[in-house]
Every structure is written in structure tokens, then in C-alpha cells.
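Work through the exercises below with the sequence and the model open side by side. Each task is followed by a stepwise solution.

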Amino acid sequence: NAMFPYLSVRELLNDFHKKEFSPDRPRKVPKIPEVVDINLHIDIDSLLYGSRMFNDIHTGVKISKDEIDIEDFSIDLNEGLGHIDLQVVDYLLHEPRIAGNIDLIIDSANVQTFYETIGGFSSNEKHKEEHIAHTIPNNIDIDLNLNARYLQYQNLVVENLNLSSSMTDGILSIRDINFNTSGGYVEFSGLWLQNEDKTMSGHFYSTGTKMSINPLINSFSNTEISDGSHGKIEGLLSYEAEGLFQMDSLLNLVNDQNLFYADIVIEEGKIINNPELDNTLSFIGHKAKDSILINNSEFQMFINGTDMILQDILVNNSISDMNIFGKYYLYDSAVNLNFRVSLMDLFFRTKKKRYVDTEQGKIRLFKDLSLFIELDNSSPKHKIKIHPKRKHRLRRKDLAKEIAEIDAKYRTRLNILYRQAEPKLQDSKVPLEALNK
């Protein structure tokens, strides 16, 4: 039995500092007795790690010749409670086998502050310059479950979070994450696979329901639109998305390896003070408004490397019914968009009754006419121009062909990823049928 009123982890580690062992100087395994049977019970009132104080730590430890079992480890995290059961096999080797369960229950926490106080990097520029390689260990088989009432990271607030995940033989599997944010609800599942060249490949699937758009945008402080210079977007956002990605060892996305797809629905939308849209409307002779109501909008989005493709943005708004498709170049902040605008909507105040005066009297118009517009700022000379229907159709046909090629590439890469992951997952706790779904 060991009881500590106070314990400093770093001071303890400094007392037992170990040398780094290179492949040329392999670590020597110490000799231990043939029979080892040690039972410990440890109680720590206060434990200091970094600048973070933890309280009420209790655990049982059983040690044999080949393994260490940590049983019923419990800790007060200040923000919540943690419970851990771990088994360490061949613990004298350089990479022992670690298996077990980690369960965390959090009431309220600021993720960035917590990470910094236990010795992680802060968000200032000095620490941003640090380059730390990340890997998914091959000697771990652990389940992690997390429940949190309230989490905050910078401007992003997440409530009622439930996480079920596992790490097995170089594979991180997110079986399910669900939470509330920006007034809506999000579900997410995914898979990260450690490659031999230390990069990571992954796949995810996610849905989101009725999230308020402007609070969601402002949750990400680095997003340009959050400063209001590109106007304000209001409304409710729902989506279904999935994607394939690749990261380097520093967890940076490898840009030309990303393939994402999303089906997006916007309800009760409103665009307020958007300069680009105001300029387009002025070009076609329509007086811009401070705000544009969008009753509903539904469209598909594809990301292929550094290009975002927008298909069939159907907008029913206070000015005109529109169909939009084209590209947004992510790292150049440039667009090439094609609009089909209802000409009748531009000329008449109401969509219900449309008449023109002729020598024969008033005639009601039933057939709509369309205006085809191209908006292109991908070159130094920004262009807004009207083009014929034939050219509009050709552009749409070319875009459909490109999307079909992306879809074929996506399916090929997805099959390769799961063929690589399946042998390791068959012997793990991860249900393959859930991943296939």
C-alpha cells in the first residue's frame, strides 16, 4: 500500500531519468526472478503534471514476470472523472504490448487550456513553429470512450458529446461521435491508418442537422468570412458528407490526395451585405439589396485536391430562382461559377401574376426565360459576362464528366484503404460491418 498526500510526476521522472537507446545500442532487458507476484494499492491525494493538478487518484496494480495489470484506476480531472483498466504485456521490452479501456466523463472543459497546462503547446506563434511527428503506435489495442456535457476549443463549442473509439495495431477507428453544436446535431465515424512511410490515410462519414450557419462559421476563427468582410450568412445548415484524406507525419493534409463529397441543404437562409453577389446583381441590372432571402437551397459539393466543385446549387430566393454550378479554388480564393437566373423573376415583383401591356391588351406570361451568366475571378482580370445557353450546357457537361472521374477514383482508393485495414481489424474489437456501412 502506498499513500501520497502530494506527488510531482516530472520530479519523479527526473529522478529516474533513462538514457535514449539507439538501434546500435539495443536496450538490455534486466534479469528478474522466475516468479514475480506483486500487488500494489496506490492512493494519491494531489498529483502535479506540468502545471496541472489532479486529485483523488486511486488504483490497483498487479505485476507478474510478463505483464502489469492496472485495475480500477480512477482520477478526478477537476473537469470530470476518468477510469482506466490497462494491461501491459512484455513490459521490459522497448515496445511492450498495451491493451485496455479508458473511460472519461467530463462536465465542462476548455480543451486548449487543458492541453497547455499538462505541457502541450499553446496557440502562440512560437509554438506554432514547432514540428512534432505523430504516429499511431503498432503495439496498442485500447478502447476510448468519452462523454462530455460541454467542451470548448477556441470559438468552437460542443455539447452533449459521446465518443466511442479504438486504437489497434496502427489503426485509429472512430466508431461513433455525436454531439450538439451551433444549435444542431452532428454524427461522425472514421478510420485512420498508419502507412509504412509514416503518413496516415483515412476515411470518414458524417451527417449534420439544422446547425445555425453564422455561429458555425464564427466557430472557426481562421475563416475569412467570420470577420464580416464577405457579408453575413444566416440560416440552418444540414449535410451528409464522406471523404478520403491523407496526412503527413505532422498531421498536415496532403492537398492533392483529398477527395470529399457533401450533400448540403440550407433552410431559412439569408445573405447580408455580400460584395461579390452585389456586383453580379448590379451587372444584370438588378438593384442590390442589403439582404437576400433564400427560402431553401440544396446542392452537392466535391473537393478534389485543391479544387472545390459545386453542382446544382438550387436557390429559391427573394430576387430570383437560380441554378449555380462551377469551381472554387481553395488556395487561390478564386471562383469560376455559372448562373442560370430566371429572367422573369428579375423583371417582375411577384412570382404569382405576371402581365405585360401590348396593343392587344394585357397578356399573362406563363413561360419563363433564363439568363446565363459566368462569374470568373481566377485571373487578374475579373470577368462577369453573359453567355449563350449552348455554352452553359457544355460547361455543365464538362463538369459532370469531371465528377464521374472523381467518383471512380474515390471508389478505387476506398477499396484499397479497407483492404489494407481489414487484416488488422479482424482480430480487433472494431466491428467490420459498422465500418463497411
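**Exercise 1: An aromatic pair**

Tyr261 has a relative accessibility of 26%, so this residue counts as partly exposed. The model is a predicted one.

Task: Classify the ring pair of Tyr261 and Phe302, and state where each partner lies.

Solution.
1. A pair of aromatic rings is described by the distance of the centres and the angle of the planes.
2. For Tyr261 and Phe302, the centres are 5.2 Å apart and the planes make an angle of 50°.
3. Stacked pairs need planes under 30 degrees apart, and edge-to-face pairs need over 60. The pair of Tyr261 and Phe302 is therefore tilted.
4. Tyr261 sits in strand S14 (residues 259-272), and Phe302 in strand S15 (residues 291-304). The two are 41 residues apart, so the pair links distant parts of the chain.
5. Now the cover of the partner. Phe302 has 11% relative accessibility; the limit for buried is under 20%, so Phe302 is buried.

**Exercise 2: The ring inventory**

Task: Count the aromatic pairs, and name the residues that ring pairs link into a cluster.

Solution.
1. The count comes to five aromatic pairs.
2. The cluster consists of Phe188, Trp192, Phe204, Phe245 and Phe260.

**Exercise 3: A polar side chain**

Task: Decide whether Thr168 is buried or exposed, and find a side-chain partner for Thr168.

Solution.
1. Locate Thr168: strand S9 (residues 156-168).
2. Its relative accessible area is 3%, so Thr168 is buried.
3. The side chain of Thr168 makes a polar contact of 3.1 Å with the side chain of Asp141.

**Exercise 4: Nonpolar cores**

Task: Describe the largest nonpolar core, then a second one.

Solution.
1. In soluble globular proteins, nonpolar side chains tend to be buried together.
2. Here the largest nonpolar core holds 56 residues. Leu161 and Phe339 have the most contacts inside it.
3. Strand S8 (residues 140-153) gives the most to this core: five residues.
4. Leave aside the neighbours of Leu161 within four places in sequence. Leu161 then contacts Leu146, Asn147, Ala148, Leu151, Ile177, Asn178 and Phe179.
5. A second, separate core has 16 residues, among them Ile309, Leu399, Leu414 and Tyr418.

**Exercise 5: The whole chain**

Task: Summarise the protein chain by its helices and strands, burial and contacts.

Solution.
1. The protein chain has eight helices and 22 strands.
2. Of its 437 residues, 38% count as buried.
3. Take contacts between residues at least 6 apart in sequence: 51% of these join residues at least 24 apart.
4. The accessible surface comes to about 26,400 Å², with 54% belonging to carbon and sulfur atoms.

How values were computed:
Residues numbered from 1 in each chain as written. Predicted model: local features only at pLDDT ≥ 70, side-chain atom pairs only at ≥ 80, totals over all residues. Heavy atoms only, no water. Helix = DSSP H or I, 4+ residues; strand = E, 2+ residues; numbered from the N terminus. Buried < 20%, exposed > 50% of the residue type's maximum accessible area, 1.4 Å probe, protein only. Contact = heavy atoms within 4.5 Å. Areas by Shrake-Rupley, 256 points an atom, 1.4 Å probe, with all protein chains shown as cover. Polar contact = N/O pair within 3.5 Å; in protein donor to acceptor, adjacent residues only side chain to side chain. Phe/Tyr/Trp six-rings, centres within 6.5 Å; stacked < 30°, edge-to-face > 60°. Core = buried A, V, L, I, M, F, W, Y, C linked by side-chain atoms within 4.5 Å.
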